[in-house]
Amino acid sequence: MTSNKLSNIGHGGLFFAALIVIAMCITAILARPENKDYDFALLEISDLETLTIPAYIPTYIQDSVLMKSVNIYLNRYKPPHAFILLMDAESGDILAWGQRNDDQHSEEPTFLQRDSFPAASLAKIVTATAALENDSNSKSEVPKIGRNSTLYKRQIFPKEEDYKGSTITLEDAFAKSNNPAMGIIGINLGKSELQNAAEKLGFKNFNYPDSAYYLAESASGFTQRNTLSPLQIANAIRSLVFVQAPEDFKKQTYDEMRTLFLRTVSDGTAKTYMRKSVHSRNRDAFDIGGKTGSLDGNSPAGRYDWFAGFAQSKNEPEKGVVIVVMQVHGTMRNQHSSTIAGLLINEWAKR
């Protein structure tokens, strides 16, 4: 009899303890914040620029399939540091993001608004925009001296006052990322015109110097001086290609910048990588454009490799996506950012 009583008391105690645990779980769930303040779909782009991103972004805000695709590619190629961003072109909503830092997947998008990453040749977007605003066009010619990837003083200060050597168009200089030609354009434009264009595009950490050579460095992106964030460049691409506010730039400037972006993919620095990564049916169905950039940096240290661009349906122009891929390679270079962007265009096209 005594043994049965003790057994009954034991079972009753366990049942009572279980009830307490269940009650505590229900209380915790009801008390948990809903994170409604961080619904990207309810925010304007200007809000995103100053928003403190939470540790947890609700999955209902983003496309979970695209998020999975982004993480698959980050885990497959394993860059030491990286940030990928996909933005809906029409609304400005963030569709997907992914980040790696110190060889680990990051749960928080700490790189999204961090504007200390070297712009590299993405700075040429500012230079080209300023040039087009000042009566240049995609076919305007500039001296072409030496290689695209270098920037020596002899390349930007020709000895002849009346230069009659080789030339390159603004379109080709942009698409093939010709540093000397874009540097010459920057010197001719001057500090104030470049600064004005940078500010309109939202690049808050672009500060152009007075020295002609250093101005050429900044105009071509051959310097760590000017920095930006993945969100800033995504906003800039969207503003130039999709939003096109008439108070910022002339219609011709927007039209010509689109031509320059498309040329980069069709016959410029992104051509090879996009051709091998974007399905042929998607190359036929979408206009794809952008800008690449590559430069050593220190925070974090490594070789910065950018693709910032877009894909837009030819039949339904309101359907488009802005894609930014930033990788920081170590001693071993991982997959090119343009290739990853192309693979993600395929994933977005399925949606």
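This is a tour of a predicted model, moving from its sheet to one tryptophan and then to a pair of helices.

Because the model is predicted, local features are given only at pLDDT of at least 70 and side-chain atom pairs only at pLDDT 80 or more, whereas totals for chains, interfaces and linings use all residues. Residues are numbered from 1 along each chain as its sequence is written, and side-chain values use heavy atoms, with hydrogens and water left out.

**The sheet**

Select the strands first, where helices (H or I, at least four residues) and strands (E, at least two) are DSSP runs numbered from the N terminus. Six of them, in the order β3-β2-β1-β10-β9-β8, form an open sheet with antiparallel pairing, two strands being paired if DSSP finds at least two bridges between them. At its edges are β3 (104-105) and β8, each of which pairs on one side only.

Next, colour residues 286-298, which are strand β8, and residues 301-313, which are strand β9: the two pair in the antiparallel sense over 13 bridges. A hairpin of 2 residues joins β8 to β9.

Contact here means heavy atoms within 4.5 Å; axes are lines fitted to C-alpha atoms, for helices over the stretch in contact, and angles run from 0 to 180 degrees between N-to-C directions.

**W306**

Stay on strand β9 and select W306. Is W306 buried or exposed? At 0% relative accessibility W306 counts as buried, the term meaning under 20% relative accessible area with a 1.4 Å probe and protein chains only. A polar atom of the W306 side chain lies 3.0 Å from the backbone oxygen of P118. T292 is 14 residues away from W306 in sequence, yet their C-alpha atoms are 5.3 Å apart.

**Helices α4 and α9**

Finally, show helix α4 (residues 123-133) with helix α9 (residues 212-220), whose axes come within 6 Å and cross at roughly 105°. That makes α4 roughly perpendicular to α9, a label that covers angles of 65 to 115 degrees. To see the contact, select A123, K124 and T127 of α4 together with S218, A219 and S220 of α9.

How values were computed
Angles under 35 degrees count as roughly parallel, over 145 as roughly antiparallel, 65 to 115 as roughly perpendicular and the rest as oblique. Buried means under 20% relative accessible area, exposed over 50%, partly exposed in between (1.4 Å probe, protein chains only). A polar contact is a pair of N or O atoms within 3.5 Å; within protein, one must be able to donate a hydrogen and the other to accept it, and residues adjacent in sequence count only if both atoms are side-chain atoms.
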